[in-house]
Amino acid sequence: MPSKWGFGSKPQPDPVSIIGEDPTHPHGNAEIVSSGSGFELRPGSGSGSMKKVSVDIPQKGFQNSSAEELAEEEAARRLKAFKRSAAWDPNIEDGDLEAVDNAVENHDTKGENILVGELVENSPYPEVRAAVRNYDVDLPCNTIRAWTIGMIMTTIGSGMNMLFSMRSPSITITSVVAQLVSYPVGVGWSYIFPDHEFQIGRVKFNFNPGPFNYKEHALIVIMANASYGGGAGYFTDILQAQVGFYGFDWGWGFAILLSFTTQCVGFGLAGLFRRWLVEPAQMIWPQNLVSTTFMYTLHDHSKTDPEKCNGWSISRYRYFFYVFVGAFVWYWFPGWIAQFLSVFAWITWIAPNNVTVNKIFGGVSGMSLLPMTFDWTQVTGYVFSPLIAPWHAIMNTLIGMVIFYWITAAGIHFSGTWYAEYLPFSDSSSYDNTANTYNVSRILTPEYTLDMAKYKEYSPLYLSTTFALCYGLSFAAISSVVVHVALFHGRDVWDRLHDTNGTLDDIHAKMMRKYNPIPWWWFMGILVPCIGGSFAVIYGWPTGMSWWSLIIAFLISTAWMIPIGMVQAITNVQLGLNVFTEFLIGYMQPGKPNAMMLFKTYGYITMTQGLYFAEDMKLGHYLKLPPRTMFFGQLIATLWSCVVQIAVFYWAMGAFEGICTPHQSNHFTCPGGRVFFNASVIWGLIGPQRIFSGGALYQNLQWFWLAGAILPVLIYFGARKWPKSGLRMLSAPLIFGGTGQIPPATPLNYLSWGIVGMFFNYFIRNRWRGWWMRFNYITSAGLDAGLAISTILIVLTLSLTQTSPPQWWGNNGALETMDYQDTAISHVLGEGETFGLTSW
């Protein structure tokens with residue numbers, strides 16, 4: 001038996017000190033102290049006198065008295081159930097699985113009970129134990145204060161994200177900003193408003209029901225996540241493409257119905273699948289661990305025990321602000337003063353006009369063979385903070401990065417496959433046979449349909465090496481995620497379907513049982529009308545989309561919700577269905593760009609939105625928010641944000657002259673709408689059959705479907721044959737799809753993300769576990785918050801006022817490389833020359 005469990009004698013619990021908000025005192029905390037024999041409440045700092053507070057604290061996991069011990073048969077049964085569900089979980093440590101096997105095989109009752117307390121009754125994941133409290137405090141959260149601040153933040157955040165999404169470069173107001181800003185607002189409210197109960201009829205309410213607590217704060221953050229945490233709603237790209245580029249407007253009715261249906265279908269799916277995506281302990285949702293840590297940090301200013309944190313005694317609250325200030329100040333250098341620090345491709349500065357050097361070492365359009373950056377936006381810009389993802393997720397992503405974007409892509413590119421010598425190594429543009437950006441207007445009729453004669457006269461479509469390869473990898477990721485989840489998690493999905501009495505519940509799920517659950521028909525009451533509204537969208541306006549294609553879109557989002565959701569909940573990496581949906585609709589209804597846009601939205605974005613909601617539900621699960629309060633918070637914030645975004649969109653379309661044009665004076669060029677428009681033309685008009693089928697240039701990429709289905713099988717049977725080899729840590733969906741943002745992301749983004757992530761989540765986690773458990777996630781929160789506030793300030797005060805950055809080599813000369821200018825082309829065509837296929 002591993003010594004970490006100490007089965008030689010009866011375990012003696014360490015004193016436990018739990019800091020919680022005292023809801024009855026306006027500005028104080030309550031401290032719950034355990035010495036192993038029981039719990040008592042003492043006044044915390046600033047609390048005046050001791051107040052009564054209701055706290056639900058599980059006794060198992062803190063102590064294991066003989067009266068509490070399970071019979072050997074029951075303990076063994078529960079450990080076997082745990083082993084069955086955790087056998088393929090990469091977040092479970094090998095030592096824990098070995099401990100379970102040894103205890104059960106030896107019928108060690110005492111050891112079995114300890115393991116039940118640690119792995120079943122408590123969370124078996126160190127990450128969760130470090131970030132989430134395993135007790136509940138009854139605090140008011142469904143308050144006027146929380147709803148008022150939440151709706152104000154929803155209005156401001158949704159409006160700003162909508163406006164900034166139409167600008168290039170765009171910025172996103174994330175939920176971490178809402179979490180940071182709402183804290184002083186909530187605390188200030190508790191000082192300003194009176195603590196007095198009002199009554200109107202039978203309704204009683206209080207503007208100040210005690211100090212601003214973390215459950216109110218959590219409700220505000222969940223409303224922010226649901227409404228604008230991922231940026232402007234995806235439906236706004238459809239509106240921008242239609243109004244700004246196609247030149248027609250179907251009005252407010254279409255916009256409202258489209259927004260409500262696309263957003264709320266996902267809400268209904270999340271609710272129906274919460275048994276698999278929210279309640280299980282193995283569905284960690286790593287991003288939430290940062291939110292919970294940040295939440296506790298803001299509401300708990302206690303110092304750190306140096307004996308448990310490798311000698312560190314600073315409070316997390318103070319530490320956060322040190323990191324926040326440092327990140328805020330530093331970003332002014334790579335973001336404004338010295339922009340060469342952002343992509344530190346120093347070898348390209350030595351040979352700025354050497355094609356090969358810029359292709360190999362370039363960080364903007366090259367391979368980034370020596371990845372160096374001093375800009376947190378480069379590290380986190382596409383895959384979030386590297387301090388969040390588990391080390392095995394980072395490892396699998398890096399494996400895919402090296403195999404496909406260093407080795408495979410280099411072989412394809414430098415061998416001249418796909419006419420690569422005429423194109424960049426990596427960018428997200430589409431090209432014609434003159435090596436210029438593909439001009440979609442040259443193949444359109446006045447009715448925005450494909451003019452076949454013009455297409456034959458003009459050019460087929462060409463892609464950069466990484467852009468073409470990313471389509472093949474997307475095919476593989478889509479097939480592999482289904483096979484992977486069926487093999488590695490299929491039994492768990494089946495067990496959850498039949499677990500009606502909570503046998504598989506962890507400590508957090510057990511504590512949530514005290515709250516009134518949300519009936520399944522509440523979510524069906526959202527889902528069914530929204531599906532009906534979707535049919536109204538496609539038939540109430542001339543979208544060209546058929547009823548059967550809409551049904552297929554919903555089947556896709558439903559079928560892939562659990563596989564993609566489980567991978568994301570375990571690894572913090574979300575795989576996309578965008579390529580898959582574009583691919584299918586291009587075959588099913590060719591020549592109909594509006595149908596393509598709607599199919600992609602209903603088939604892909606409804607699932608993505610559903611996963612946002614599921615992630616929020618898990619955050620509420622961790623922080624013990626009443627489910628029904630959370631339900632209405634998510635729903636109302638989502639619907640209101642749709643109205644706000646549509647209002648801001650139509651206001652902007654009328655307020656800015658030349659909006660959605662390339663040279664708009666304030667840079668409101670609608671970049672998201674432009675990409676959506678081009679995609680609708682390429683996939684809806686040219687279609688995948690002319691790119692990937694028959695004798696098309698990229699037809700061999702179709703083999704990736706098969707590769708994606710085979711690799712999970714090889715990993716699965718290899719891991720079963722050699723169980724101690726570490727093969728169970730491999731994940732085919734991440735190997736194929738972890739780098740799914742390339743392009744427009746670059747190898748630099750993923751390599752820098754991977755290096756930082758492995759340093760923190762593997763090296764530091766194993767070397768200084770105490771520090772890591774206390775400070776890792778709050779480090780991530782501080783870096784992200786400092787960057788976000790700094791970015792917003794730079795954009796509002798400098799970019800929008802068209803102020804130029806300092807003019808010196810670091811902002812000019814260093815950026816004049818072939819890599820940065822995207823001109824590292826091996827064979828540059830002369831005037832009037834073409835390359836590529838002779839017939840198409």
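**Figure 1. Pro744 in the loop between α29 and α30.** In this predicted model, Pro744 sits in the loop that runs between α29 (732–737) and α30 (747–767). The peptide bond leading from Pro743 into Pro744 is cis. Its omega is near 10°.

**Figure 2. His107, a non-glycine residue with positive phi.** His107 belongs to the loop between α2 (94–105) and α3 (109–121). Phi is positive here, about 50°, although His107 is not a glycine. His107 counts as exposed because its relative accessibility is 54%, and the cut-off for exposed is over 50%.

**Figure 3. Cys660, a buried loop residue with positive phi.** The loop between α25 (627–655) and α26 (671–686) holds Cys660. Cys660 is a residue other than glycine, yet its phi is positive, near 70°. The relative accessible area of Cys660 is 4%, so the residue is buried; the cut-off for buried is under 20%.

**Figure 4. Pro306 and its loop contacts.** Pro306 lies between α11 (286–299) and α12 (316–337), in the loop. Leaving aside neighbours within four places in sequence, Pro306 is in contact with Gly311, Trp312 and Ser313. Pro306 is partly exposed because its relative accessible area is 36%. From the C-alpha atom of Pro306 to that of Thr661 the separation is 58 Å. Along the chain, these two residues are 355 residues apart.

**Figure 5. The crossing of α9 and α24.** The axes of helix α9 (residues 251–272) and α24 come within 7 Å. They cross at roughly 50°, which means that α9 is oblique to α24. The crossing is right-handed. On the α9 side, the residues that meet α24 include Leu258, Val265, Phe267 and Ala270. On the α24 side, the residues that meet α9 include Leu598, Tyr602, Phe613 and Met617. By class, the α9–α24 contact has nine nonpolar, nine polar and no charged residues.

**Figure 6. The largest nonpolar core.** This core has 236 residues. Leu258, Tyr471, Trp560, Leu577, Phe692 and Tyr698 touch the most other members. Helix α24 (residues 593–623) supplies the largest share of the core, 16 residues.

**Figure 7. Contacts of Phe692.** Neighbours within four places in sequence are left aside.

How values were computed
Residues numbered from 1 in each chain as written. Predicted model: local features only at pLDDT ≥ 70, side-chain atom pairs only at ≥ 80, totals over all residues. Heavy atoms only, no water. Core = buried A, V, L, I, M, F, W, Y, C linked by side-chain atoms within 4.5 Å. Buried < 20%, exposed > 50% of the residue type's maximum accessible area, 1.4 Å probe, protein only. Helix = DSSP H or I, 4+ residues; strand = E, 2+ residues; numbered from the N terminus. Contact = heavy atoms within 4.5 Å. Axes fitted to C-alpha atoms, helices over the stretch in contact; angles between N-to-C directions. Parallel < 35°, antiparallel > 145°, perpendicular 65-115°, else oblique. Left-handed = near helix turned anticlockwise from the far one by under 90°. Nonpolar A, V, L, I, M, F, W, Y, C, P; charged D, E, K, R; others polar.
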